Amino acid sequence: MNHLPEPAPVVRLPDGTYAYADHLPTPVQPAVAPQVVHQHIHQAPPDRTVQRIALGSGIGAGTVAAGVYFGPLLVGALTAIAANLALLAFLAAVLAWGVVSVVKSIGGPEGQAAAKSIGKARRGRKGK
């Protein structure tokens, strides 16, 4: 009922000492020259022209970092503003068209005369 593993055989080393066979020192391997790996990465480095110019003129890294961080935010904000203004202009045009249509249909002869005068006023502004 012995649950211990079998002991490894004992061997005598050339220097006269004894050692277990499973703990023998490994022979020294000759040194192998490291392999040279040629790696070709076909990708252009990122363009750092603005950063180089800024740092070259003595602005400092904080200003460059702020430009890199806030530049895209500014573009996004201006795009959002332009989209809002375009939407508002479209909404104003649709509402004006709706008002003119309602005035023409409901107003009778006075409404048609008012619509004509508005149309003439618009044409007069376009010519100037």
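Analyst: Buried means under 20% relative accessible area, exposed over 50%, and partly exposed in between (1.4 Å probe, protein chains only). Tyr69 has 56% relative accessibility, so Tyr69 counts as exposed. This is a predicted model: local features need pLDDT of at least 70, side-chain atom pairs count only at pLDDT 80 or more, and totals for chains, interfaces and linings use all residues. Numbering starts from 1 along each chain as its sequence is written, and side-chain values use heavy atoms, without hydrogens and water.

User: What percentage of the residues of the protein count as buried?

Analyst: Of its 128 residues, 5%. Accessible areas come from the Shrake-Rupley method with a 1.4 Å probe; for residues, only the protein chains shown count as cover. The protein has about 11,800 Å² of accessible surface, and carbon and sulfur atoms hold 67% of that.

User: How many helices and strands are there in the protein?

Analyst: Helices (H or I, at least four residues) and strands (E, at least two) are DSSP runs, numbered from the N terminus. The protein has three helices and two strands. Their order from the N terminus is β-β-α-α-α. Helix H2 spans residues 61–106 and includes Leu88.

User: Is Leu88 buried or exposed?

Analyst: Exposed, because its relative accessible area is 52%.

User: Which aromatic rings pair, and how?

Analyst: Rings of Phe, Tyr and Trp (its six-membered ring) pair if their centres lie within 6.5 Å; planes under 30 degrees apart are stacked, over 60 edge-to-face, and the rest tilted. That rule gives one aromatic pair. Tyr69 and Phe70 form it, edge-to-face, at 4.9 Å centre to centre with 85° between the planes.
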